[in-house]
Amino acid sequence: MRLIGLVVLITCLMLGSGADASAVFDPNSFLITVVGMLGALLFASASLPAMVKVFFSEDAGTEAKQEGIRGWKLAAAFGLAMGSAGTLIGLVIMLKNMDDPAAIGPGFAIANLTSLYALVIAFSICLPVYKSLEQKA
């Protein structure tokens, strides 16, 4: 059911963005938010294999469940943190280009899309998975 929910979530976001779904995908924002979150998880010694195992498997051991729950909780926090960092990076890019109005757009896109990605990752993916696993444990 989790996988179906994830597919419905992504489909909803893509359809909601209108005919130009590519407008809500920015490689720089994705890199800052998603890859930054993964790097922070690795830095915090979160077990990515345990997170994946506990997400897809109902028969994970108690230790793997606890490690997976910890990882998903950290992922939500780190996703929001990286979204905030990306927003600030985008704002700095915007301020740097204030003398050229045409160059403000890329910074604005990074600022807004990193916030969007962080909110989707934290509140639509990581937090529901974390809460679901916590209730089962």
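Me: How many aromatic pairs does a search of the whole structure find?
Reply: The search finds three aromatic pairs, and please keep in mind that we are looking at a predicted model.

Me: What about Phe-25 and Phe-30, how are their rings placed?
Reply: Their ring centres are 5.8 Å apart and their planes meet at 50°, so this pair is tilted.

Me: How are the rings of Phe-55 and Trp-72 placed?
Reply: The rings of Phe-55 and Trp-72 have centres 5.8 Å apart, and because their planes are at 40°, this pair is tilted. Phe-55 belongs to helix 3 and Trp-72 to helix 4, so the pair ties together parts that are 17 residues apart in sequence.

Me: Which of its residues are buried?
Reply: The buried residues of helix 4 include Gly-68, Gly-71, Trp-72, Gly-79, Gly-83 and Met-94.

Me: What covers them?
Reply: The cover for the buried residues of helix 4 includes helix 2 (27–43), helix 3 (48–56) and helix 5 (104–136).

Me: Then what is Thr-33 in contact with, skipping its close neighbours in sequence?
Reply: Thr-33, whose place is in helix 2, is in contact with Gly-79, Met-82, Gly-83, Thr-114, Tyr-117, Ala-118 and Ile-121, once neighbours within four places in sequence are left aside. Thr-33 counts as buried because its relative accessibility is 0%, and buried means under 20%.

Me: Last topic, which residues form the nonpolar patch on the surface?
Reply: That patch is formed by Leu-3, Val-7, Val-52 and Phe-56, which together have about 400 Å² of accessible area. Helix 1 (2–16) and helix 3 are the elements that give two or more residues to the patch.

Me: Where does Val-52 lie, and what is its relative accessible area?
Reply: Val-52 lies in helix 3, and with a relative accessible area of 46% Val-52 is partly exposed.

Conventions. Residues are numbered from 1 along each chain as its sequence is written. This is a predicted model: local features need pLDDT of at least 70, side-chain atom pairs count only at pLDDT 80 or more; totals for chains, interfaces and linings use all residues. Side-chain values use heavy atoms; hydrogens and water are left out. Buried means under 20% relative accessible area, exposed over 50%, partly exposed in between (1.4 Å probe, protein chains only). Helices (H or I, at least four residues) and strands (E, at least two) are DSSP runs, numbered from the N terminus. Contact means heavy atoms within 4.5 Å. Patches are made of residues with over 30% relative accessible area and no salt bridge: like charges are joined within 9 Å, nonpolar side chains (Val, Leu, Ile, Met, Phe, Trp, Tyr) within 5 Å. Accessible areas come from the Shrake-Rupley method with a 1.4 Å probe; for residues, only the protein chains shown count as cover. A salt bridge is a side-chain nitrogen of Lys or Arg within 4 Å of a carboxyl oxygen of Asp or Glu. Rings of Phe, Tyr and Trp (its six-membered ring) pair if their centres lie within 6.5 Å; planes under 30 degrees apart count as stacked, over 60 as edge-to-face and the rest as tilted.
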